[in-house]
Structures are given as structure tokens and as C-alpha cells.
Amino acid sequence: MQISTKLAIAAAIAAGLSSHSAMAQQTVTLMAYSGLFQERYTKAVVEPFMKANPGIKIEYFPMPNSAQMLGNLRAQKAAPQADVVIMDVSVSKAATDEQLLVKIDEKTSPNVADLFSAARIADVDGVAVTFDNLVMLYNSDVVKEAPTSWMDLADKKYAGKVAIPGMPDIQGLSLVLILEKARGGYNHLRSVDKGIAAMGEIAPNVQTWEPKPEVYPVIISGQAIIGAGWNARAQVNADSSNGKLKAVLPQEGSVFQINTINHVAGGPGKDATAKFIDYALSPEAQKAFTESMFYAPTNAKALISDAAIARTAVKSMDKVIPVDWIALAKVREPIMDQWRRKVIPLSR
């Protein structure tokens, strides 16, 4: 056989192997939050998974918020392009009701058995993948004494210097619930009158209810000097600002926000999708992401470093006010109406 013929055969075999390898690789499309979440989640969870599973490629499709993710799922219902979605639990409930998801349980993901009970939410097909909590933020270059109460936001010395992501953002809603409890409210599903009244006292100090791009850089820059935000992003921004941004858990306490991981019904990823979801819920992945971005873990067997766990609300559970976000979704619009009528006008 001539040398040229041998080379041609070798090239054909190599091309065939390459083609077979490409065909064998499965792709899972993960739709989740953009920005800092994408950056940290990719390094802590996605890349280690792909390294351990070279036959599976995870494509990250970033979206700015859960509402847009739900809109995307609805638009693609007939031919889903995403396989996995990480989004807020109340939005996951809506997607469950619309039969856009597949139930995740111990049968499809063995690691579900090790999740905290709060991570398995009744009537929701997804399960919790992160816990986060609301914290008070401040610029330590300007605010020399750490605030201790959410009502410090109403102090006249902060007039025009407060930034809070207001409703419909759930950070604003969360603050209403915390203040409702602090003022003696006993059931926020029936009434938030006390919480709305407390927000009315804070409102005249508020510079913005829509800090852009997020509340953290607004406070670091000094445009505002005090406000409210989520703990995980606050901790990362505290590090990146060399401690200029600080976060505290006020005496009135906080609430947990729950992000769920969800299996999209009819997604193209099939078995590879279930494998990635199980990995995302594993102690290994939960530890990596908590130590990278300070979300509290949902897997009880995740062994988190003391330094990282101290920067979550895990050791302050007595200050975490329980919230049934699914039940709350049914009264969210009436609360939003009160916010529009009784809070916003006081900030103008």
C-alpha cells in the first residue's frame, strides 16, 4: 500500500473517531442568573462537573431574573431549549402549576434525601439549591458606627442616602415582612399594615427604590451610603471593595430567599440533565458554591469551612423569620397595592 493511501485511511479513521466523539457528547443547557452568580457558579459547580464528566457539556444561558426565565420557559413550551433552570421558589411554583417542569425527588436525584426539610417545598417540582437572607448594607467610609436596627434606615442623618430594591422586587417585600413581625404583627398572610407603616417612616430617606445595576455598587460608590440587599452578593462585594461595603444582620432579624433548581419538562438533555442536577445538590458542589459566594447550603451533609459558614445566616437561625413564599404569592398583589399607595408617595 502506498504511503499516501495509508495516510488517507488514517485521516478517515481519525475523522470518524472525532465525529463519533462529538456525537457522543451530550449538552445540557442551564438557565440561571447572570453576572456574579454566573461567574461564581460556573467556576464552583459547572466546570468541576464537566471535568468529571467529559461526555457532558454544560452551556450556561444567563438571565437577569426569575420572571424572565419563566417567560422563556413559557415561550419554549412546545420545544424547550433549556434543560435546567435555577430560579426563585415562587416562580418555580408558577412553572410547576403550568406543567413546565419535571418532579425532582429521591428517585431522580439520590442527593435529595440529604437536603434540609426546608429545601423540599410542597407543590413545587424543583428543590432548593441555595438559601440567602436579607442584610443591611452600609458604606464603612461614611457610616462609622455599624447600624443595629432596620429602623436606622429612618434616621434623618441618612436623608436621601438610602437605597433599597423596592417592590415588586422581593427584597422590598422581605423588608415589609421583617418590619411587620418587629412591630408585633402575627400573621403576614392576613395583614402587613404594621410593616407598611414602618416602611412609610423609612420612605422619606430613600434616594432610590431601583438601584442600578445593583444596590451594592451604589453604596460602595457613595451615591447612597446605607440600604438593604442579599447577603451572598454583599459578602462578595465586601471582599472586592476591601471592606468598604459592610453587611450586618439587624436585631429584628431576616428572612430566607430560596433559589430552586428545576428540571425542564421535555428538555433535550435527558439523562445528562438528571446527572447534573444530582451533582448540583451534592455535598461537594454545595460546599464549593457556599465557600465561593456565601449562599447557605441546602444539603445537610455539606461540610462547609467555619470561615465561610460564619458569613451566612446558618449560625443565626433564631433570627430568621419563617416565610411560606408559596402562600405569600397569593397575597402579594394586595401587598404591592399598599406599597404603591402608602410607601412610594412618601419618598417623593
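Trainee: Starting with Glu214, what's its relative accessible area?
Mentor: Glu214 has 29%, so that residue counts as partly exposed. For the cut-offs, buried is under 20% relative accessible area, exposed is over 50% and partly exposed is in between, using a 1.4 Å probe and protein chains only.

Trainee: Before we go on, what kind of model is this?
Mentor: This is a predicted model, where local features need pLDDT of at least 70, side-chain atom pairs count only at pLDDT 80 or more, and totals for chains, interfaces and linings use all residues. Residues are numbered from 1 along each chain as its sequence is written, and side-chain values use heavy atoms, with hydrogens and water left out.

Trainee: OK, back to Glu214. Which residue forms a salt bridge with Glu214?
Mentor: That's Arg233, with the closest N and O atoms 2.9 Å apart. A salt bridge here is a side-chain nitrogen of Lys or Arg within 4 Å of a carboxyl oxygen of Asp or Glu.

Trainee: What does the pair of Arg233 and Glu214 tie together?
Mentor: Arg233 lies in helix H8 (residues 231–240) and Glu214 in the loop between strand S7 (206–208) and helix H7 (215–221), so the pair ties together parts that are 19 residues apart in sequence. Helices (H or I, at least four residues) and strands (E, at least two) are DSSP runs, numbered from the N terminus.

Trainee: And is Arg233 buried or exposed?
Mentor: Arg233 is buried, at 11% relative accessible area.

Trainee: How many residues of H8 are buried?
Mentor: 8 of the 10 residues in H8 are buried, so this helix is mostly covered. Among them are Asn231, Gln235 and Asn237, along with Val236. Just after H8, Asn242 takes a positive phi of about 55 degrees.

Trainee: How do the axes of H2 and H8 cross?
Mentor: They come within 11 Å and cross at roughly 85 degrees. H2 and H8 are therefore roughly perpendicular to each other. Axes are lines fitted to C-alpha atoms, for helices over the stretch in contact, with angles from 0 to 180 degrees between N-to-C directions. Under 35 degrees counts as roughly parallel, over 145 as roughly antiparallel, 65 to 115 as roughly perpendicular and the rest as oblique.

Trainee: Which residues make the contact of H2 with H8?
Mentor: H2 brings Leu36, Phe37 and Arg40, while H8 brings Arg233, Val236 and Asn237. Contact means heavy atoms within 4.5 Å. By class, there are 3 nonpolar, 1 polar and 2 charged residues. In that scheme Ala, Val, Leu, Ile, Met, Phe, Trp, Tyr, Cys and Pro are nonpolar, Asp, Glu, Lys and Arg are charged, and the others, Gly among them, are polar.

Trainee: What does Arg40 form with Glu39?
Mentor: Arg40 forms a salt bridge with Glu39, and the closest N and O atoms are 3.7 Å apart. Arg40 is partly exposed at 23%, and Glu39 is partly exposed at 39%.

Trainee: What about Tyr41, which residues is Tyr41 in contact with?
Mentor: Leaving aside neighbours within four places in sequence, the contacts of Tyr41 include Leu30, Ile86, Val129 and Phe289. Tyr41 also sits in the largest nonpolar core, which has 115 residues, and is one of the five that touch the most other members, with Leu30, Ile164, Met199 and Ile261. Strand S5 (residues 127–139) gives the largest share of this core, 9 residues. Such a core is a set of buried Ala, Val, Leu, Ile, Met, Phe, Trp, Tyr and Cys residues joined through side-chain atoms within 4.5 Å.

Trainee: Changing topic, where does His188 lie?
Mentor: In the loop between H5 and H6. His188 is buried at 16%, and beyond its neighbours within four places in sequence it is in contact with Leu177, Glu180, Pro322, Val323 and Leu328.

Trainee: And which residue pairs with Arg183 in a salt bridge?
Mentor: Glu201, at 3.1 Å between the closest N and O atoms. Arg183 lies in the loop between helix H5 (170–182) and helix H6 (193–202) and Glu201 in helix H6, so the pair ties together parts 18 residues apart in sequence.

Trainee: Last one: how many salt bridges does the structure hold?
Mentor: 13.
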